[in-house]
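I opened a new page for this structure. My entries go down in the order in which I looked things up.

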Amino acid sequence: MYAKRMLYALLLAALTVSALAIAPFAGAQEGSAPDYWPTEGWRTSTPEEQGMDSEKLVKMVEWLEAAGTKFHNLLVIRNGYVVLDA
């Protein structure tokens, strides 16, 4: 059971890192710079404004806590906006 939880946590982390690596270039045409990159801080938004379901994000955090996953912080960025910082 512990191995399964760790696998889910690692998968979630890998997906988050992958999304962050791609996010600055999403929508940018080849040879052009992204329209936004945080220099002094991230922009914030509601999950719904960025096409995400806030209830599912809450359930994800609750599931991680219930599974005993130890994390200091969970940051979700979508389209260059912070939508969750728990």
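The entries below cover the sheet, the core and a few single residues.

**Ground rules.** I am working from a predicted model, in which local features need pLDDT of at least 70 and side-chain atom pairs count only at pLDDT 80 or more, while totals for chains, interfaces and linings use all residues. I number residues from 1 along each chain as its sequence is written, and I take side-chain values from heavy atoms, with hydrogens and water left out.

**Sheet.** I began with the strands. Helices (H or I, at least four residues) and strands (E, at least two) are DSSP runs, numbered from the N terminus. I count two strands as paired if DSSP finds at least two bridges between them. I found three strands in an open sheet, in the order β1-β3-β2, with mixed pairing. β1 (43-44) and β2 (75-78) are at the edges with a single partner strand each, so one side of each has no neighbour in the sheet.

**β1 with β3.** I noted that these strands run parallel and are joined by two bridges. Arginine 43 stands opposite tyrosine 81 in β3, and threonine 44 has valine 82 in β3 as its bridge partner.

**β2 with β3.** Here I found four bridges, and the strands run antiparallel. Valine 76 has leucine 84 in β3 as its bridge partner. The two strands, β2 and β3, form a hairpin with two residues between them. Asparagine 79, in the turn, has a positive phi of about 55°.

**Core.** Which residues make up the largest nonpolar core? I listed eight: Leu57, Met60, Val61, Leu64, Leu74, Val76, Val83 and Leu84. The elements giving two or more residues to this core are α2 (54-66) and β3 (81-85). α2 gives the most, with four residues. For the term, I use a set of buried Ala, Val, Leu, Ile, Met, Phe, Trp, Tyr and Cys residues joined through side-chain atoms within 4.5 Å. Buried means under 20% relative accessible area, exposed over 50%, and partly exposed in between (1.4 Å probe, protein chains only).

**Leucine 84.** I then looked up its contacts (heavy atoms within 4.5 Å). Apart from neighbours within four places in sequence, leucine 84 is in contact with Leu57, Met60, Val61, Leu74, Leu75 and Val76.

**Isoleucine 77.** I located isoleucine 77 in strand β2. Is isoleucine 77 buried or exposed? Its relative accessibility is 12%, so isoleucine 77 counts as buried. From isoleucine 77 to proline 47 I read 9.3 Å, C-alpha to C-alpha, across 30 residues of sequence.

**Serine 45.** I placed serine 45 in the loop between β1 and α2. Serine 45 is buried, because its relative accessible area is 13%. I looked for polar contacts, meaning a pair of N or O atoms within 3.5 Å; within protein, one must be able to donate a hydrogen and the other to accept it, and residues adjacent in sequence count only if both atoms are side-chain atoms. The side chain of serine 45 makes one of 2.9 Å with the side chain of glutamate 49, and one of 3.1 Å with that of glutamine 50. Leaving aside neighbours within four places in sequence, serine 45 is in contact with Gln50, Tyr81, Val82 and Val83.

**Tyrosine 36.** I found tyrosine 36 in the loop between α1 (2-22) and β1. Tyrosine 36 has 18% relative accessibility and therefore counts as buried. Not counting residues up to four places away in sequence, tyrosine 36 touches Gly41, Trp42, Arg43 and Gly80. Tyrosine 36 and tyrosine 81 are 45 residues apart in sequence, and I noted 10.0 Å between them, C-alpha to C-alpha.
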